Amino acid sequence: MDYTWIGIFVVYIVLTHLIAKYIGAKRKIGYGKSVFWSLVLTPILGLPIALMSKPIDAP
């Protein structure tokens, strides 16, 4: 049996988490919405969506 799909799924989830944690969480879009868009539209399209969001203003 070919289990390549398992590897692709794991990479998909890991990329989604990394984009949400390191980019989305530091922007107005937030972690949750970054995860949502990365899961729905793939992490490749979730990345520019997260980057287009404005950064959170640091005190």
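Start on α3 and select I44 and M52: these exposed residues sit on the face of the helix turned away from its buried side. The model on screen is a predicted one.

**The buried side of α3**

Now select P43, G46 and A50, the buried residues of α3. Look down the helix axis: these residues fall within an arc of 50°, so they line one face of α3. To find what lies over them, show α1 and α2, which are among the elements that cover the buried residues of α3.

**Across to α2**

Next, select α2, residues 30–41.

Within α2, colour G30, S34, V35 and S38, which are its buried residues. Their cover includes α1, residues 4–22, and α3.

Keep S38 selected, a residue of helix α2. Is S38 buried or exposed? Its relative accessible area is 0%, and S38 is therefore buried, the cut-off being under 20%. Leaving aside neighbours within four places in sequence, show its contacts: Y12, T16, I19, P43 and G46. Two of these residues, P43 and G46, were already selected as buried residues of α3.

**The loop after α2**

Move on to T42, in the loop between α2 and α3, the latter being residues 43–52. Check the backbone here: just after α2, T42 takes a positive phi of about 80°. Most residues other than glycine have a negative phi. T42 has the positive value although it is not a glycine. With a relative accessible area of 31%, T42 counts as partly exposed, because that figure lies between the cut-offs of 20% and 50%.

Finally, select G24, which belongs to the loop between α1 and α2. G24 is buried, and its relative accessible area is 0%. Which residues does G24 contact, leaving aside its neighbours within four places in sequence? Show I19, I29, G30, Y31, S34 and A50. Of these, G30 and S34 are buried residues of α2, and A50 is a buried residue of α3.

To end, draw a distance from G24 to L41: the C-alpha atoms are 15 Å apart in space, and the two residues are 17 apart in sequence.

Note on methods
Residues numbered from 1 in each chain as written. Predicted model: local features only at pLDDT ≥ 70, side-chain atom pairs only at ≥ 80, totals over all residues. Heavy atoms only, no water. Helix = DSSP H or I, 4+ residues; strand = E, 2+ residues; numbered from the N terminus. Buried < 20%, exposed > 50% of the residue type's maximum accessible area, 1.4 Å probe, protein only. Contact = heavy atoms within 4.5 Å. Arc of directions from axis to C-beta.
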